[in-house]
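Dear colleague,

Please find the structure below, handed over for your records. My findings follow directly after it.

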Amino acid sequence: MPPMRLEFWLPLILTLAAGALSAAAQDTPLTLKDAFKDDFRIGAAINQSQFEGGSPREAQIIQSQFNAISPENVLKWESVHPAPGQFNFQDADQYVAFGQKNHMFIVGHNLIWHNQTPAWVFEDADGNPISREALIARMRNHILTVVGRYKGKIGGWDVVNEALNEDGTLRNSPWRRIIGDDYLVLAYQFAHEADPSAQLYYNDYSLENLPKRQGAIALIKKLQSRGVRIDGIGLQEHDKMDWPSTNQVDETISAFARLGIKVMVTELDIDLLPAATRSNSADISMSVAANAELNPYASGLPDSLQQKLAQRYADLFSVFLAHRGQISRVTFWGVTDADSWLNNWPVPGRTSYPLLFDRDCNPKPAFAAVIHMASPMNSATRN
Ligand code: GLA
């Protein structure tokens with residue numbers, strides 16, 4: 001046998017390596033849901049126009065890229081139960097039908113919240129606060145009617161949304177003022193009664209900040225100690241470029257996973273516009289007057305910022321992927337930059353760039369960065 005000389009084998013090695021690389025490139029999935037199929041579901045919050053046929057290009061993105069949906073507004077109390085005894089299921093039915101038709105995991109958002117809940121819920125016919133018993137009865141009736149209608153179709157419900165203050169204490173919402181702290185336990189019991197197989201979640205923002213996170217941990221433990229079904233925590237993740245840090249996200253996911261529940265990222269977006277307040281809360285009641293300085297990219301986003309946004313998304317997804325066994329879903333709050341709530345919050349009429357698709361429905365550099373994180377070449381870094 002002649003000696004095995006590198007010069008002899010080199011052409012073959014190079015050919016094989018080129019083949020492997022091009023196969024890897026071909027294997028790189030082009031859709032978010034394929035890219036993360038072995039990791040977690042990828043969702044989007046969708047609006048009426050998207051699921052009722054008014055925005056076909058956006059609907060096409062939703063159908064091809066996502067395997068979970070959340071309703072931006074149609075299942076909130078004010079939409080589905082606008083007046084005493086009057087339920088309006090027209091839009092919610094279409095939302096659920098869209099998810100079924102496309103074989104998606106359908107999220108219910110949300111049952112009990114202090115916002116987008118009409119004042120009548122807490123009042124009698126003369127506008128006076130109702131009794132604890134009367135409000136419990138209204139709550140039960142609402143939950144049984146809404147959850148019951150979509151039993152077996154909606155896979156998981158945000159039962160209570162945003163029950164905590166920033167310091168981790170319970171928010172003094174009308175629910176708590178009238179019923180007391182156990183309104184939470186009751187809400188989860190009613191939801192479980194209405195659909196025993198639905199997953200039940202608690203959903204909130206700023207849980208990456210320690211005081212609020214500790215409040216949420218105490219709340220989940222309390223629900224668990226009362227024997228109430230609670231399957232998961234929703235971290236909303238209405239993020240900024242510099243908050244929360246990847247360490248905070250990492251620690252937050254670990255802390256909730258230690259409670260034995262699933263962690264979900266439920267409302268992901270990244271606000272790169274100038275901060276209008278010092279707060280990193282996502283309280284929808286905040287409002288700041290518009291001015292040109294707060295809206296610097298009305299005619300387009302500089303490429304340097306596109307790249308920074310892409311890097312920020314990549315950094316966050318590297319944390320999510322490191323926790324792939326603990327995270328069951330990552331949902332974006334919107335589909336394209338045009339339909340994000342951040343165009344109008346906390347400052348009305350801004351041009352914001354928080355998502356993966358631009359105003360013309362084209363994928364942004366941030367989309368490629370997120371897909372790249374899932375590529376087989378990055379898989380070695382995962383748990
Ligand atoms: C909160 C709610 C969502 C939505 C967003 C902003 O995070 O949970 O339903 O209203 O605010 O649009």
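Lys212 belongs to helix H10, which spans residues 210-225; helices (H or I, at least four residues) and strands (E, at least two) are DSSP runs, numbered from the N terminus. Because its relative accessibility is 0%, Lys212 counts as buried (under 20% relative accessible area, with a 1.4 Å probe and protein chains only). Leaving aside residues up to four places away in sequence, Lys212 touches Leu164, Asn165, Glu166, Gly168, Asp204, Tyr205, Ser206 and Leu207 (contact means heavy atoms within 4.5 Å). Between Lys212 and Leu164 there are 7.1 Å in space, C-alpha to C-alpha, although they are 48 residues apart in sequence.

Please note that this is a predicted model, in which local features need pLDDT of at least 70 and side-chain atom pairs count only at pLDDT 80 or more, while totals for chains, interfaces and linings use all residues. Residues are numbered from 1 along each chain as its sequence is written, and side-chain values use heavy atoms, with hydrogens and water left out.

As to helix H7 (residues 132-149), its buried residues are Leu135, Ile136, Met139, His142, Ile143, Val146 and Val147. They lie on the same side of H7 because they cover an arc of only 130° around the axis, taken from the directions from the helix axis to the C-beta atoms. Their cover includes helix H5 (77-80), strand S3 (105-112), strand S4 (156-161), helix H8 (174-179) and helix H9 (183-194).

Conventions:
The expected span of a helix is 1.5 Å times one less than its number of residues. Buried means under 20% relative accessible area, exposed over 50%, partly exposed in between (1.4 Å probe, protein chains only).
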